[in-house]
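Notebook open, viewer running. I'm jotting down what I look up as I go.

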There are 4 protein chains.
Amino acid sequence: MCSVIGLFNVPEAAKYAYFGLFSLQHRGQEAAGIASSDGEKIYITKGRGLVTQVFDETKLTKLIGSSAVGHTRYSTAGEDSVLDAQPIFARYDLGQIAVVHNGNLTNAKQVRRELIKEGAIFQTFMDTENLIHLIARSHKEHLYDRIIEALQQIEGAYSLILLSRKKMFAVRDPYGFRPLSMAKLGDGWVVASETCAFDLIGAEYVRDIRPGELVVFEEGKEPRSIQVFEPTPHKCIFEYIYFARPDSNIFGKNVYKLRKAMGRELAKEYPVEADMVVPVPDSGVASAIGYSEESGIPFELGIIRNHYVGRTFIEPTQAIRDLKVKMKLNPIKNVIKGKRLVVIDDSIVRGTTSKKIVNILKDFGAKEVHMRISAPPTTGPCYYGVDTPTKEELISSRYSVEETRKYIGADTLAYLSIDGLLRSVGNDLSYCMACFDGNYPVPLKE
Amino acid sequence: MCSVIGLFNVPEAAKYAYFGLFSLQHRGQEAAGIASSDGEKIYITKGRGLVTQVFDETKLTKLIGSSAVGHTRYSTAGEDSVLDAQPIFARYDLGQIAVVHNGNLTNAKQVRRELIKEGAIFQTFMDTENLIHLIARSHKEHLYDRIIEALQQIEGAYSLILLSRKKMFAVRDPYGFRPLSMAKLGDGWVVASETCAFDLIGAEYVRDIRPGELVVFEEGKEPRSIQVFEPTPHKCIFEYIYFARPDSNIFGKNVYKLRKAMGRELAKEYPVEADMVVPVPDSGVASAIGYSEESGIPFELGIIRNHYVGRTFIEPTQAIRDLKVKMKLNPIKNVIKGKRLVVIDDSIVRGTTSKKIVNILKDFGAKEVHMRISAPPTTGPCYYGVDTPTKEELISSRYSVEETRKYIGADTLAYLSIDGLLRSVGNDLSYCMACFDGNYPVPLKE
Amino acid sequence: MCSVIGLFNVPEAAKYAYFGLFSLQHRGQEAAGIASSDGEKIYITKGRGLVTQVFDETKLTKLIGSSAVGHTRYSTAGEDSVLDAQPIFARYDLGQIAVVHNGNLTNAKQVRRELIKEGAIFQTFMDTENLIHLIARSHKEHLYDRIIEALQQIEGAYSLILLSRKKMFAVRDPYGFRPLSMAKLGDGWVVASETCAFDLIGAEYVRDIRPGELVVFEEGKEPRSIQVFEPTPHKCIFEYIYFARPDSNIFGKNVYKLRKAMGRELAKEYPVEADMVVPVPDSGVASAIGYSEESGIPFELGIIRNHYVGRTFIEPTQAIRDLKVKMKLNPIKNVIKGKRLVVIDDSIVRGTTSKKIVNILKDFGAKEVHMRISAPPTTGPCYYGVDTPTKEELISSRYSVEETRKYIGADTLAYLSIDGLLRSVGNDLSYCMACFDGNYPVPLKE
Amino acid sequence: MCSVIGLFNVPEAAKYAYFGLFSLQHRGQEAAGIASSDGEKIYITKGRGLVTQVFDETKLTKLIGSSAVGHTRYSTAGEDSVLDAQPIFARYDLGQIAVVHNGNLTNAKQVRRELIKEGAIFQTFMDTENLIHLIARSHKEHLYDRIIEALQQIEGAYSLILLSRKKMFAVRDPYGFRPLSMAKLGDGWVVASETCAFDLIGAEYVRDIRPGELVVFEEGKEPRSIQVFEPTPHKCIFEYIYFARPDSNIFGKNVYKLRKAMGRELAKEYPVEADMVVPVPDSGVASAIGYSEESGIPFELGIIRNHYVGRTFIEPTQAIRDLKVKMKLNPIKNVIKGKRLVVIDDSIVRGTTSKKIVNILKDFGAKEVHMRISAPPTTGPCYYGVDTPTKEELISSRYSVEETRKYIGADTLAYLSIDGLLRSVGNDLSYCMACFDGNYPVPLKE
Ligand SMILES: Nc1ncnc2c1ncn2[C@@H]1O[C@H](COP(=O)(O)OP(=O)(O)O)[C@@H](O)[C@H]1O
Ligand SMILES: Nc1ncnc2c1ncn2[C@@H]1O[C@H](COP(=O)(O)OP(=O)(O)O)[C@@H](O)[C@H]1O
Ligand SMILES: Nc1ncnc2c1ncn2[C@@H]1O[C@H](COP(=O)(O)OP(=O)(O)O)[C@@H](O)[C@H]1O
Ligand SMILES: Nc1ncnc2c1ncn2[C@@H]1O[C@H](COP(=O)(O)OP(=O)(O)O)[C@@H](O)[C@H]1O
Ligand code: SF4
Ligand code: SF4
Ligand code: SF4
Ligand code: SF4
Ligand SMILES: [Mg+2]
Ligand SMILES: [Mg+2]
Ligand SMILES: [Mg+2]
Ligand SMILES: [Mg+2]
């Protein structure tokens, strides 16, 4: 997963991009980058690490101009991920361009093969490089037309922002897999993956970019909208379940509220007699509040999430059991001891973490552990930009619910049904749920 | 504030100290250090920064031996705080010693003046150096007797762990201001500021070190307890209100539970008609749950705390209003808009942060903001180890509650009463509440 | 200026590349990089800084395989020079390729314009990217033929090494501007900019790659040589004067010896009565020894070069006169006081440093300063890979020798004549001397 | 070995200290530190690494005031050398003090034992801590008298600078083992280990501090001199041979000139028929010039010293023979091949490096290698501040000259005689030569 942000006609745009990316950091911690334009030239800095690690005052100050695009990157398969950070910058026949991309192209390999056949060279391992080649090879006179021509050749998931020296372009694929919203900031505009970015920088949310829509930002003009593709919305429901920040509105709805609704549905579908509802923090908190409200079982923050959770740490000893999970989460012994717990989390991926959590809870004296998951079992991988493991690694692709329950050691285990999930989102059928129901709207082309 | 940990007769003691300190990191982020002993020699590493920044595998591996003491440090007044990190290590007539200390000596200046008069030199800005001088100057033959002689000369707050090459000593001042607990780990022992450290490393809590007690750890013997001073318990109630981790037991009681109790009392004392109870996370969460349960007003996690809160960041723009607070906390607009909120926090120090929070909430459309504080107004500084600002800077030392309310812009504002606070802790009178009621159990000697 | 190295059929090739680059560090301190191949895949790491800063054990260990190419880079015009480090790596229709390049293409802009017209994108600011595009766009079946086709389209200076998954190619432009030598290491081969790299890694020098020659390295075969272009040798004479290490053989001759010869010629052409010959270290040392031998005036190391010269330092005070020069060079007062000095350096570029040196020498009591330069006046820039400043900045393009003498404050000033320089190199006419005589063998195309 | 510097009544004293230490870096690369005083308070920063690594603009700017002392440290036996960097800072009964020290106290252990017996604590592993304790424990009223009292209790080698808030004190032990010179800078004063520091910062050398002399610097007064001890000069002759920079004057004489004289004497004592004189750079350069002048055999810089020699590097391969030496030194094959060489170095310590150098020279085709050492065989360790290895490790304490010759593989080997050395320094008998002749002027007390 990744995040993108774009600013147009905003003085010191790169600094706003920096703060926006700070609030989007949860969508990608591996690498970060910003490109800016002063109308004459594009400036760029990118690197490995958190936004606060890649940038300092000096570096930001060099990114001059009143437009900018930024990116945080989740993971990279490449060898030397400095090369695989975004924005991708290139000089081509119309000048200079910088591109940021959230999503995965399903025909990336195929397009790359064809481009390579025509003599293109690829210097990174990112799908996005395809797009720039397609734009550069188009024979249209205007960037605008070239972008459209290029979009017609790519398939899959993309929320894209393109920056030229004088313009900015924001696009969403026809399915609208990944979110992309638009806001006003002073006389200028902001486009970002999640609305929490607008809150931090004080921008006023206007609307979402629509599936299949291209918005063009140009100086002295209002943003121009082109519906490039007929929309066939399949918005990623997993953004609500886990990925997005609870304080963001995604696809027009608030994440926290939907999570609570999922918790409520879960309580209706899988009630249980218990003493308290305990979330696995932080992803389980909102649905646990919902479950508690619906069931009347008191909500307790019975597991504490360490403030200093980082991405890397020493493991100098095998002697401490379940060390990694314990460094992140610690149950409150005094609260859970002798109690029957409903434990709420958003998903079970491989099952190993859930197994350890149940184990620690039991060690600390929990009488019963009733695990409730606020989503259906994850049975398939995502081809649209979420880094789920392979099908083989997903416990629910191999194990029944009962087998999973045994494996993780819970007294009972239940998942929200697909219908329950749909009810939570207002019975709106415009969502992708492929990793839960196997209905992949776009096939992956090898 | 600081944290201390000590391990005795535990193989790879320094590694356990490392993980213990990781879980005590919230008690001090400025500096960290560990000293270990293999029975022949004391080894030490300390430095500025978080525990995970100061140590790496190589450094930990050099800290050999089966006993160790560790420390995290909150803030330093000194110039070059490398010098002001703990443990303090010294060679003296009985050999080598390393000391870690949580608390503040109230007669530190006086003792230092006298020691200096006798020719002592002070190389750091830490109170703790006094103690080592007193031990070194004692004419007693045994370290044990010297420690007692030294303790008789110092006043104030101290939870101390001393490591010699072959023994370890843990002491708490007669008031028991700061916590210090003891646990079993395999054949060995652990002493730590909070019990959450035991949870992480898998140690079994045994009991608290008592106010005025000295416990001696020696190989091949059971820990030996000496009641050096008649206990006159004045345990810091602020540990419950704010400082300690909710998953710790402090002074024998669970922090989370007591915070909930404070929230309940607050609801009884200062009810209000409202749509939801919203904590200022994380310190306000437990008391908000208590307030919600007591009042029946639904609990909502209406403000989100950013996962990437760090200690330093760029401030390249004045243009973003309330930037610092917003980088840490973001209200969920959709949840609070048009709503009457009871907002719960643990304390108001200078008032500036609360003012900004109320401001943002109103900006985001909150209809009413009823601020409720789960502690009495902080009217005085702490002399016993908590870094509250000077009396002048404390808003409650200058402003009435009504004046404070106006300043922060809330619709109503109320603090838990001293009686309410006492009720929350079971009407136990053995607590220090000096920063709330002005009854300082030990005077500060200049 | 830059350096290149390539290894073929050498176990742990990347490690040898690392040490080779260490000995070539003087040819470029800005960035360094190594790419290796294990026959299946190309691995790459590059970054800003010295070779020892960019690489550590972990990074080297990941560069597996028995072939490798490496590069050190002098300066970068680009914004974010991480992107402008070499090797350049690309995937294209024949697979993967990594390229390192020393030199400057004189038709780079023109070729780039054409490539861009055909739809190519440029992600770096390096000439070398041209070459990869040309190779990728060629319709020949074999990489070998494509390289030749590509070479036919580029002009200027290039000593290149190309690494594919299974082969390595080394080429020198028809003029042979930049050096490139070849050596045997065990069963494998090494190609490098200077022979000092062979000395360090223990390789046996075989011969120079010839101007216009392409050498192909393939497993199980002897290196194959193709004379792609008729050679018209114009080897850079400035390599002898300043750039190369004195312990290297360049274009078949030893640098130290030729420098001494220049010093001798200088003594013949511009003798002067003096007490001692003093080099500006280190570039002036060898020619000073030659001048001393020829003139009979004793050689004294009267100026000491600081061992800790670095590329960046604090300049916190204006108060210290000539600080930058003094941090690098310090005359021995006791040695030079009251003495008539012949001071030898390799060149005067802008004149500012020489002015400061003369100034300090006079300050320290030198009676007379006779500046002797072991090369003719630098009157023009280099288009072939040496980073001389623009014509305007070159003092000798604007000032006569006498004017320069006055500017730098020397008592006399003389430069080696062009004839003298030619005599030093054995009256061999196969050298480029364009920056001295204006006869540019290849024009720069804008 | 270490270096010290002190500035008094010099605006921005710490910045001058920084540059002074930069020029004294060769006397210690492990740690560096500066303390300054503004008359009211002492400020200090110290840390591990080179001067340029420990300090940056921000840190220097905090060291306010017009007096300062600085230190670079060679090696540390201690565990965590941050603690063992200088200046040592302490608060004591007369206020605050910072001390820097070059040398070793021969009765350090004894004094420490006694101080410890009296109750002192030692927080570092540095001798210098003794001195501060002695000063602090003195009952004299004035710092001045206390320093004298303290000096009377310590033995061995010390060039010391002490900084109080208002004064500065510079002292040299009665033997004058280590150098210490004094210069004028504007209205203020500088004291430093070597005069090269004066050159860089533009200070005017005045005189050396005399053995046994104490100089007191006080505002508004001329420096006051007290001859605390009867001088019995035993100045370290090894400063001339190896340690000091050739551009420094040490004990009133220029190092470069004396090294040349040693080379001349060596040529007289041990002439040899040969084609060229080649120094092992840089320590052998000056004596090689002397040898060449005396013998008439031409001087050639036949071995090149790498500019990028650092203190730490990767050793990822055993395959490269003599890697460490080769990374520092490379002979010029073309120059030495088939030649009879006189190779000059300053000393042979363990013999391993010399063995490798001879080996490489032979490998590169040298016909004969005649090793000449510009000092007598090092037969004993130094107790006065030079970090020679133990007697057992010194090759000359176990092997005869002939045995050493065989071990290093030279054709002939000869050392300057003690008489020759004396002649070089003008038959002045006021030098320590203990590591050569065993006449230790002060015994080491365990
Ligand atoms: N590692 C931790 N994990 C969870 N909670 C913690 C941790 N450390 C401290 N806390 C709790 O978090 C609160 C402090 O966090 P918060 O309120 O977000 O910050 P602030 O100190 O700025 O008010 C304290 O009340 C403390 O009990
Ligand atoms: N900056 C943030 N502040 C608060 N919550 C966040 C932030 N970023 C992500 N989240 C939420 O936190 C959850 C992920 O945190 P958590 O469950 O603790 O970690 P994990 O990803 O290991 O399960 C997600 O559901 C996401 O909505
Ligand atoms: N900054 C400096 N600039 C020039 N010469 C120096 C400097 N520092 C020390 N020296 C001289 O260099 C010699 C040490 O360098 P060298 O012989 O190359 O290293 P090593 O200590 O390994 O023998 C010493 O004799 C010293 O006088
Ligand atoms: N690693 C090295 N070891 C020894 N000499 C070198 C090395 N690298 C470059 N040189 C020589 O040093 C000279 C450059 O050093 P110097 O004159 O001190 O610096 P500058 O480039 O500032 O003039 C060049 O002439 C080069 O031949
Ligand atoms: S497959 Fe799952 S994660 Fe991927 S877009 Fe669809 S719902 Fe989202
Ligand atoms: S004064 Fe306040 S913070 Fe200090 S110990 Fe007493 S209750 Fe705790
Ligand atoms: S112009 Fe000068 S520097 Fe450039 S290649 Fe020719 S001789 Fe060398
Ligand atoms: S023993 Fe040697 S190194 Fe030490 S002071 Fe005497 S001459 Fe110098
Ligand atoms: Mg989670
Ligand atoms: Mg808080
Ligand atoms: Mg030079
Ligand atoms: Mg040497």
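**Ground rules.** This is a predicted model, so I note that local features need pLDDT of at least 70 and side-chain atom pairs count only at pLDDT 80 or more, while totals for chains, interfaces and linings use all residues. Residues are numbered from 1 along each chain as its sequence is written, chains are lettered from A and ligands numbered from 1 in the order in which they are written, and side-chain values use heavy atoms, with hydrogens and water left out.

**Who meets whom.** Through which surface do the copies A and B meet? They use the same one, because 98% of the interface residues of chain A are also interface residues in chain B. Contact here means heavy atoms within 4.5 Å. I also laid chain D on chain B: RMSD 0.0 Å, a turn of 180°, a shift of 0.0 Å along the axis. Of the contact residues of chain D, 100% recur in chain B, so the same surface serves both copies. Chains A and D do not touch, and their nearest C-alpha atoms are 15 Å apart. Chains B and C have no contact either, with their closest C-alpha atoms 15 Å apart.

**Annotated site.** UniProt, in an unreviewed entry, lists A:S283, A:D345 and A:D346 under "binding site". The three spread over 64 residues of sequence, yet they cluster in space, with a largest C-alpha distance of 6.5 Å. I keep in mind that such annotations may be inferred rather than shown by experiment; feature names are shortened and positions follow the numbering used here.

Next I checked the two aspartates. A:D345 is in strand β20 (residues 340-345) of chain A; strands are DSSP runs of E, at least two residues, and helices are runs of H or I, at least four, numbered from the N terminus. A:D346 is in the loop between β20 and α13 (352-363). Buried or exposed, A:D345? It counts as buried because its relative accessibility is 11%, and A:D346, at 4%, is buried too. The cut-offs are under 20% relative accessible area for buried, over 50% for exposed and partly exposed in between, using a 1.4 Å probe and protein chains only.

Leaving out residues up to four places away in sequence, A:D345 touches A:V280, A:S283, A:G284, A:R372, A:I373 and A:S374. On the same terms, the contacts of A:D346 include A:I241, A:Y242 and A:S283. The side chains of A:D346 and A:S283 make a 2.7 Å polar contact. For polar contacts I took N or O pairs within 3.5 Å; within protein, one atom must be able to donate a hydrogen and the other to accept it, and residues adjacent in sequence count only if both atoms are side-chain atoms.

**Helix α10.** Eight of the eleven residues of α10 (residues 285-295) of chain A are buried, so this helix is largely enclosed by the rest of the structure. Among the buried ones are A:V285, A:I289 and A:Y291. Their cover includes α9 (255-269), β17 (276-279), β20 and β21 (368-373) of chain A. After α10(A) comes A:G296, whose phi is positive, near 80°.

Technical notes:
Copies are superposed by least squares on the C-alpha atoms of residues with pLDDT of at least 70 in both.
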